[in-house]
Amino acid sequence: MPSDDIEQQLETLRTQLEAWNYQYYVLDQPTVPDAQYDRVMRSLQQLETQHPELLRADSPSQRVGAQPLSEFSQVAHEVPMLSLDNAFDAQELRDFDRRVQERLGLTDSEIEYACEPKLDGIAVSLLYRDGVLQRGATRGDGYKGEDITHNVRTIPSIPLRLHGDDIPGVLEVRGEIYMPSAGFELLNQRAREAGEKTFVNPRNAAAGSLRQLDAKMTAQRPLEMCCYSVGLVEEGALPVSHAQVLDCLLRWGLRINPESRVVRGVAACEDYYESLAQKRERLPYDIDGIVFKVNDLAQQQRLGFVSRAPRWAIARKFPAQEEMTRLLDVEFQVGRTGAITPVARLEPVFVGGVTVSNATLHNSDEVQRLGVQIGDTVIVRRAGDVIPQVVSVVAGQRTAGAREVVFPECCPVCGSPVEREPGEAVLRCMGGLVCAAQQKAAIRHFVSRRAMDIDGLGDKLVEQLVDEGLVENVAGLYRVSREQLLNLERMGEKSADKLLAALQASKQTSLARFLFALGVREVGEATALSLARYFGNWEALAAATEEQLLEVDDVGPVVADHLRQFFDSSSSLEVVAQLRASGVTWPDLERVTPERLPLAGQTWVVTGKLETMGRNDAKGFLQELGAKVAGSVSARTTCVVAGPGAGSKLSRATELDVDVLDEAAFIARLETLGVSL
């Protein structure tokens with residue numbers, strides 16, 4: 001083949017892959033299946049192998065492959081990477097706005113500000129020459145950083161070559177490299193399974209990933225980058241506002257944050273701060289504040305810099321999600337499956353917007369990994385509704401009186417032996433239903449809204465019923481009399497009658513709800529629904545072999561083993577028999593294979609407040625119709641159900657042109673599919 005033809009073929013393959021990378025990693029709008037992408041990549045690699053003289057450093061095939069470094073070299077920033085001043089409350093933000101107006105001679109004017117989430121990651125600089133990535137560097141001290149070019153090349157959202165005909169000859173792009181929350185959790189999960197050290201938080205994980213001397217290690221980490229400004233620019237011009245510069249970066253192939261906005265006036269800045277604070281826990285990455293920048297670049301130049309920070313920008317911080325405190329003691333809680341969890345009792349500390357006095361230590365492996373002792377100074381992390389956890393020990397502050405955490409040899413509640421099953425990190429009480437803690441936890445799960453939905457049976461009442469010996473297992477709930485209830489503390493006639501009515505109403509249920517309510521290990525709502533659909537009735541399910549169970553979606557060897565242990569247990573089957581004898585019943589189902597369901601293969605998202613039905617009810621209807629219900633919106637999402645208060649998920653759906661239904665339209669859709677509400 002003539003060399004011109006080969007070069008053209010290589011250029012076509014590279015251009016196609018770069019376009020797909022941009023659509024997938026920058027716009028989050030994949031246009032081809034992974035298999036097609038892989039086939040084109042293989043074609044490119046084969047052609048480059050056959051013609052090594054035509055290999056280019058900016059080829060999509062060259063993201064990983066360099067030899068490990070012996071050390072990082074230093075890089076001097078042509079334009080210093082300065083830090084930002086912080087505002088910790090609304091008044092400090094208003095003071096900043098007042099200073100900006102005064103220096104610009106625009107008192108009582110509304111300044112236009114560019115607002116961006118402050119990603120909790122690592123600030124980096126990317127240098128492009130003629131559109132080709134030449135260098136990546138950390139911020140360092142602002143004047144010198146470390147050369148991490150071989151690592152940034154492995155990050156898919158960083159283009160090796162920009163595209164466009166108006167790119168400056170020399171362009172330095174600044175941004176934040178971070179690790180999304182889902183990737184961070186998966187990374188730590190794999191580390192725990194391998195017995196390796198886990199990372200404290202996503203920022204720590206991102207920093208550690210960028211400091212790998214072997215780029216192949218960095219390539220295995222789920223890193224992304226968002227750009228927020230430019231530094232050195234030569235041989236070309238940029239627009240007149242910060243927001244327009246970001247639009248150029250996006251057009252040239254770089255990712256910017258979709259939550260960025262331009263507003264006018266400090267009041268609008270405060271509104272943006274409050275709205276993003278509400279979205280914060282739903283974002284797929286950590287942010288620790290908002291950055292406000294004067295949008296007009298000419299005004300930025302007039303305002304200039306002071307010390308190590310610009311006068312035209314400020315970061316309004318969110319409440320800290322990590323704080324230091326002292327570990328006073330460790331107690332042990334017993335769950336419904338007998339799992340014994342160490343719980344840290346802490347000196348109360350304000351973190352993540354609330355006062356925290358308890359935090360999870362997960363299990364004995366985690367205690368050993370942390371090296372934590374009672375009396376230590378520890379760092380506690382709380383993010384939104386996530387249970388607070390101890391993430392590290394401040395070893396330098398350990399006192400002489402610190403003592404080791406000793407795990408119990410018998411159950412702290414019932415005194416039964418504890419065991420650690422092979423391959424598990426969790427200690428478990430072997431007392432089963434003899435253990436009051438397991439009884440209470442099993443009953444709380446059984447009566448919960450997503451299970452048997454027995455209104456009026458709160459935690460305190462469950463405690464009383466078990467402690468008074470009125471209920472030993474879930475079947476005993478249906479044998480409690482009105483007189484027994486009235487003898488309980490703070491139980492009036494109206495409350496007793498209401499509870500008895502709720503118990504009676506709960507007897508009419510579904511096979512999926514009943515199975516979920518039984519609390520078989522690893523059997524959640526979706527798995528219970530899959531089992532009910534596949535087997536249709538209790539008898540077929542209870543008689544199923546492990547091989548038959550493994551034919552069901554969502555059922556793997558571990559779940560199948562737990563199910564067979566439950567069905568092989570005479571005591572478990574006796575409880576089920578008692579429940580059915582009490583009148584608990586459900587209709588048998590026609591066996592339906594997943595592919596026959598009307599929403600099979602579709603992915604839906606439910607967001608906002610639904611007024612006619614709860615979000616969990618909406619999720620249940622969708623799952624019954626065969627849909628997968630996801631927690632975030634992507635280009636693969638089929639439809640979004642959005643009620644009042646829908647935030648970033650609705651915005652994301654609009655950006656991606658995903659179908660959106662309000663509650664009325666959703667109910668109408670359900671009715672067309674045969675669902676009666």
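Q: Why does Asp141 count as partly exposed?
A: Its relative accessibility is 41%. Buried means under 20% relative accessible area, exposed means over 50%, and partly exposed lies in between (1.4 Å probe, protein chains only), so Asp141, at 41%, counts as partly exposed. Asp141 is in the loop between strand E5 (132-138) and strand E6 (144-146); helices (H or I, at least four residues) and strands (E, at least two) are DSSP runs, numbered from the N terminus.

This is a predicted model, in which local features need pLDDT of at least 70 and side-chain atom pairs count only at pLDDT 80 or more, while totals for chains, interfaces and linings use all residues. Residues are numbered from 1 along each chain as its sequence is written, and side-chain values use heavy atoms, with hydrogens and water left out.

Q: What makes strand E7 (residues 170-178) mostly covered?
A: Nine of its nine residues are buried. On one side of E7 these are Val170, Glu172, Arg174, Glu176 and Tyr178, and on the other Leu171, Val173, Gly175 and Ile177.

Q: What makes the lining of the second largest cavity nonpolar?
A: The lining consists of Leu457, Leu465, Leu477, Val480, Leu485, Leu499 and Leu503. Ala, Val, Leu, Ile, Met, Phe, Trp, Tyr, Cys and Pro count as nonpolar, Asp, Glu, Lys and Arg as charged, and the others, Gly among them, as polar. The residues therefore divide into seven nonpolar, no polar and no charged.

Q: Which residues have the most contacts inside the largest nonpolar core?
A: They are Phe446, Ile454, Leu457, Leu477, Leu531, Trp538 and Leu579, in a core of 55 residues. A nonpolar core is a set of buried Ala, Val, Leu, Ile, Met, Phe, Trp, Tyr and Cys residues joined through side-chain atoms within 4.5 Å. Among the helices that each supply at least two residues of this core are H12 (436-447) and H13 (459-467). A second, separate core of 31 residues includes Leu133, Phe184, Cys248 and Leu254.

Q: Which residues does Leu477 touch?
A: Contact means heavy atoms within 4.5 Å. Not counting residues up to four places away in sequence, Leu477 touches Ile443, Phe446, Val447, Leu457, Leu465, Val471 and Leu503.

Definitions and conventions
1 Å grid on protein atoms, 1.4 Å probe; cavity = no way out; pocket = protein on both sides within 12 Å on 5 of 7 lines; lining within 4 Å.
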